[in-house]
Amino acid sequence: MTPEAFLAFTKVLPEPSLLLSAEGRILAANPASERLGSPPSRLKGRLLFELVATPREQLERYLATCLGSGQMVPGGLEWLDGEQRPRPYRCEGAAVRPAKGSPGLIFLRLRSKEEAGARFALLNQKIDELTRALRQRIRTEGALRESQRHLRELMEAQKRFVNDAAHELRAPLTSLQGNLEVLLSFPHMPEAERQEALRDAVHEARRLSRLVNDMLALARGDAGAALQLAPVRLDRVLREVVESAQGLVRQHRLSLGPLDEALVRGDGDRLGQLVLQLLENAVKYTPPGGSIAAGVRRVDEEAELRVVDTGIGIAPEDLPHVFERFWRADRARVRGEDPGGTGLGLSIARWIVEQHGGRIWLESELGEGTTAVVRLPLSDAAGA
Ligand SMILES: Nc1ncnc2c1ncn2[C@@H]1O[C@H](COP(=O)(O)OP(=O)(O)O)[C@@H](O)[C@H]1O
Ligand SMILES: [Mg+2]
């Protein structure tokens, strides 16, 4: 770089800028160098060391570093102003390669400390604002994408649900319709057959009604129906449900306990419904003569409800599916008569548990029995 090229290049720079020889002689100074205390033309030809209060060795080391580096090297010096007072400057120096073979030159840009401080403060502020705006934008876009994804998933689930529901409703309807048509077409059929067709029709109508009730319960959950949460003693809910079920459970031993005092924030009716779903499954999938035990304990700051049965159990490959809507184990595995169900019970149970900020899972061994476990956060009286 020639001094002329340097001047053309640095004319518009607001900071004093110098072109130095490797020895530290000023070859050119841009117009802004006037701020250093003397006209640029008077700087030309002087040695940098004569114009500063900075120790010569220190400055020489710095210039050598600039010459050896491929980048801008930050540094500092004290320039002697018109009245020979030292003024601190930050500087940046870089090697400029003149024509091939000639010695290296140094481009040195100076910034007074106050100026640099103010500029940096402003720059930092701008950078902060930009970063904040950017972060905000990323958050907003992320949230938007997330809610779009959620919406798509909900719509998919809804479509699947309607599809499955129609499918599930069709079987009992077809059977009901068939039985009623038989009854209509053969008014003089034998009494025994007539009774059977009627019994079948009632059975299917009940099944339809159960399906519709379960579907309504889930639809309310999908619609985001919020529960009314209040302090509830889970152990008392369990005791009440089990006691009222005792009379209905004739072919199984049903035992209650342990019953730790467990206060949770919950909806008493829904929790009762949850317990009933789990008991119903235990009874339905346990052959007569088996036993069922239900209890509540306090474990790790949580209330733990367990319903244990000695029934047919669930195959390991089926276990991941039990909470899916309409899912039921292969009927061939359910020995004897199909106990009838909608496949929605555990979906409803899970919805209730999630509304209470809890978790639910099944532990099972095929042929040995199943344990349904629910964990709900305990609520101390103060937090309730
Ligand atoms: N205690 C249990 N023992 C064995 N299998 C169970 C038990 N609880 C649930 N299951 C299996 O999980 C399936 C889904 O349960 P659920 O959603 O309550 O539907 P449903 O009882 O109406 O069939 C049941 O059909 C059954 O195959
Ligand atoms: Mg069930």
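Predicted model: local features only at pLDDT ≥ 70, side-chain atom pairs only at ≥ 80, totals over all residues.
L19 stands opposite A28 in β2. Three bridges join β1 (residues 17-21) to β2, and the two strands run antiparallel.

## The sheet around β1

Zooming out, β1 and β2 belong to an open sheet of five strands, ordered β2-β1-β5-β4-β3, with antiparallel pairing. β2 (26-29) and β3 (73-80) sit at the edges with a single partner strand each, so one side of either strand has no neighbour in the sheet. On average, and ignoring direction, neighbouring strands here are turned by 30° against each other.

Which strands does α1 touch when it packs on this sheet? The contacts go to β1, β2 and β5, and the direction of α1 makes about 30° with that of β2. Helix α3 (residues 56-68) lies across β1, β3, β4 (86-96) and β5, and runs at about 30° to β4.

Leaving out residues up to four places away in sequence, T10 touches S17, N30 and F107. T10 has 0% relative accessibility, so it counts as buried, the cut-off being under 20%.

## Aromatic pairs

F107 turns up again once you look at the rings. The structure holds two aromatic pairs. The rings of F6 and F107 have centres 5.7 Å apart and planes at 70°, so this pair is edge-to-face, because the class calls for planes over 60 degrees apart. F6 lies in helix α1 (residues 3-10) while F107 lies in strand β5 (residues 105-112), so the pair ties together parts that are 101 residues apart in sequence.

The other pair is F161 and F326: the ring centres are 5.7 Å apart and the planes are at 25°, so these rings are stacked. Here the cut-off is under 30 degrees. F161 lies in helix α4 (residues 113-185) and F326 in the loop between β10 (302-309) and α8 (345-355), so this pair ties together parts that are 165 residues apart in sequence. There is also a charge to look at: R325 lies over the face of F161, at 4.8 Å from the ring centre.

| Residue | State and relative accessible area |
|---|---|
| F6 | buried, 0% |
| F107 | buried, 10% |
| F161 | buried, 9% |
| F326 | buried, 9% |

## The sheet around β10

Another open sheet has five strands in the order β7-β9-β10-β12-β11, and the pairing in this sheet is mixed. Its edge strands are β7 (253-259) and β11 (359-365), each pairing on one side only. The twist averages 15° from one strand to the next.

How many bridges join β11 to β12? There are seven, and β11 runs antiparallel to strand β12 (residues 369-377). One to pick out on screen: R359 has R375 in β12 as its bridge partner. On this sheet packs α8, which touches β11 and β12, and its direction makes about 140° with that of β11. α7 lies across β7, β9 (291-299), β10, β11 and β12, running at about 25° to β10.

The two helices also meet each other. The axes of helix α7 (residues 268-284) and α8 come within 9 Å and cross at roughly 145°, and the crossing is left-handed. On the α7 side the contacts include L271, L274 and L278, and on the α8 side they include L346, I348, W351 and I352.

L305 has its place in strand β10, and its contacts include L278 and V275, along with L234, L238, G295, V296, A372, V373 and V374, not counting residues up to four places away in sequence. L305 and V275 are 30 residues apart in sequence, yet 8.7 Å apart in space, C-alpha to C-alpha. L305 is buried, with a relative accessible area of 0%.

Technical notes:
Residues numbered from 1 in each chain as written. Chains lettered and ligands numbered in written order. Heavy atoms only, no water. Phe/Tyr/Trp six-rings, centres within 6.5 Å; stacked < 30°, edge-to-face > 60°. Helix = DSSP H or I, 4+ residues; strand = E, 2+ residues; numbered from the N terminus. Buried < 20%, exposed > 50% of the residue type's maximum accessible area, 1.4 Å probe, protein only. Lys NZ or Arg CZ within 6 Å of the ring centre and 35° of its normal. Pairing = 2+ DSSP bridges. Axes fitted to C-alpha atoms, helices over the stretch in contact; angles between N-to-C directions. Contact = heavy atoms within 4.5 Å. Left-handed = near helix turned anticlockwise from the far one by under 90°.
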